[in-house]
Each structure stands twice: as C-alpha cells, then as structure tokens.
Amino acid sequence: MANQYYIGVDLGGTSLLAAVVDAESGRVIGESKRKTRSELGADGVTTRLVETIERAIKESRVKRDDIVGIGIGVPGPIDPTTGVVVRCENLGPSWDQYELGRTLDTMLHLPVTLDNDVNVGALGEHAFGAGKGYSDMVAIFVGTGVGGGVIIDNHLYSGSRNSAGEVGHLIVQAEGGPRCNCGQNGCAEALCSRLAIERYILEAIAAGESSIVPDILVQAGREDVSANIIGTAYEAGDQVTIAAVNKAQFYLGILVASCVNLLDPQAVVVGGGVLERMGDAYLEPVREAAYQRFINHAAAEEVKIVRAGLGDHSGVVGAAILARDRLS
Ligand SMILES: [Zn+2]
C-alpha cells in the first residue's frame, strides 16, 4: 500500500527520535535515535536531524516515494502556517525565528509541518494510544515540566494564537505557591512536575529529615533526582520521597479537575517520564483528588483518568498523524 507512510520526529533537548510510521495503523516501521547536541546550534542540530531521518527511512525499508511528508514536535512555540520555530528555550537562542520547516524541506525534498511537542503527543495518544475512541480528551505530560494538549471533537485545539493547552501553567496556588519557570507563582508545573518532586525531597532533607535519596544519588553518580531515582526511593519506602510524591499527586489531581471542569472531556490521558517510571498506580491518588473536585459529580468516574499508552512513541506517532492531517 503506497502513500500511507509519514515521518514523525520528536525534537527534544536531550535526544532526537525519528520514525517512519504507517498512518493507517500507527505502527512504527523503522526508527532512529541520537543525542541532540544542542550546543551545535540550530543549523548543526538540523543536519543531525536529517541524518537521523535518513537512518529511520533506511531501517524501515520503505521506499522514499511512498513517504508523504514529515511532522515534527518542537519543544517550544511554533508558527504552523510558516514552519518557523518562534523560540526554543531548552535548545538555545539560535532557534529564535528559525525556519526549520523550509530548511528541512530543502534538504530532504519532502513537505514538512511542525507543532508543539506536547500537542503532537496528545495527537498520538488520541489516534493510537490511551485516548483512542474518545472525541474529547486532554493529555497531560508530567516530566521535568508539565505540558498538555487538548482534543475537542476529534481535532487538536490550538487556540487563537497557537497557545492553547498550556495546562502546566494553570495556577493552582497563587498565594505562597512556589516560583514557576515562567515567572509566576503556584503554577501546576511548579507543584507536580519531576522538578517539583525533586524540590520537595531536597527541602525535606535540608530541614533535617532523613532520606536514602542522597545515598542513591552517590551510587548512581548523579546530581539530579531523576524519575528513576524517585521511583527507586519510593519503592524502597523512603518516607521523604513518599510524602513528596503524594504532594505532587494531589496537585496533579487538582490540575486534572480544573481541566475537566473547563472542558468536560471523556478522558484525561496522563503521560511523561514520571508516569512511565511510576506506572498505573501513580494515578490512583490523582483520581481521588480529581473526582472530589468535579463540578459535575454525576457519574464522575465516567471521565477516564488513564495512563498514556504509547510511551516514548507518543511524540513520533503524533507527529506522523499531524503530517497526515495537514499534508495529505
Ligand atoms: Zn508557570
């Protein structure tokens, strides 16, 4: 079957993942992953991106002529009509107003479309992941930060300036809340991200509470409290980590309830590094906190709060779906 293959790209601060995706089934036919090396700047990273895409095509054994186009998830605001990256904080200033779409089109001779990485992840989960079959859903990705995407009536909702879905910056504790990366106080991201859990743990240790986290960090030769380290300490019964995780789960529940009260979706799909590591059980306290705060209490549990189903692939599959929807 020709003309059903699309390339999905997940352009991350740490790694680049490119995949050839069968847009009929959502299946990844071939993929390639490598380090981003953001210090090379926008042109250097784009060259690496082209090589990564070429490797994914080679691995897939799909004929180039059968590939319709390329979709890319970018970690920052973009202009979908021009293919320009507006800004990319974690990749560096050379990405300001960078013409990624046009540059790649020239190098690969394939049409290119871009969107925000979490919007693209939401599209992937809606098409082939945990959100499949729901016409209205919200995706929330909990990692270093907290991002999201909104699907309304089976379409990605972008807003009037392509800024919709910034669920991480819903303010859930304005007074006395911790400072968020965006400059405001008490955003959900500052209360339920992986960095928030890390901060709770480090604050408790600084206040004299005893925890095994410093020992685990030394053993792992790391300085940052990764999702994996949080999971290890949690499973070992470390009380400081359990309290930190509980606090993050509570605020994630409040965030989920706020999204549900605004949009009344059929499902809220929760993914990202923290969920990948902690598994389904992570969502039980989140559901409890959320259900209590739904304005429409009737059949509250009909609103599904579920873990993302595509794992690392939600970005590339979603980017391929984005390309299918926009380029075909
Ligand atoms: Zn914020």
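This is a predicted model: local features need pLDDT of at least 70, side-chain atom pairs count only at pLDDT 80 or more; totals for chains, interfaces and linings use all residues.
Which elements cover the buried residues of α10?

1. Helix α10 spans residues 283-291, and its buried residues are L283, V286, R287 and A290. Viewed along the axis of α10, these buried residues fall within an arc of 100°, so they line one face of the helix. The general rule is that an α-helix has 3.6 residues a turn, so residues three or four places apart point the same way.

2. The cover over the buried residues of α10 includes helix α8 and the strands β11 (267-271) and β12 (304-307).

3. Strands β11 and β12 belong to an open sheet of five strands, ordered β10-β9-β8-β11-β12, with mixed pairing. At the edges are β10 (155-156) and β12, each of which pairs on one side only. Strands β11 and β12 run parallel and are joined by four bridges. A267 has K304 of β12 as its bridge partner.

4. The largest nonpolar core comprises 101 residues, among which I140, V256 and V268 touch the most other members. Helix α8 (residues 239-263) supplies the largest share of this core, 12 residues. Domain 1 (5-123 + 313-327) and domain 2 (134-308) both contribute residues, so the core lies between them.

5. Leaving aside residues up to four places away in sequence, V268 touches M137, V138, I140, V256, C259, V260, V303 and I305.

Key
Residues are numbered from 1 along each chain as its sequence is written. A nonpolar core is a set of buried Ala, Val, Leu, Ile, Met, Phe, Trp, Tyr and Cys residues joined through C-beta atoms within 7 Å. A residue is buried if 20 or more other C-beta atoms lie within 10 Å of its own, exposed if 12 or fewer, and partly exposed in between; C-beta atoms are placed from the backbone. Helices (H or I, at least four residues) and strands (E, at least two) are DSSP runs, numbered from the N terminus. Domain bounds come from an automatic or database domain assignment. Two residues are in contact if their C-beta atoms, placed from the backbone, lie within 7 Å. The arc is that of the directions from the helix axis to the C-beta atoms. Two strands pair if DSSP finds at least two bridges between them.
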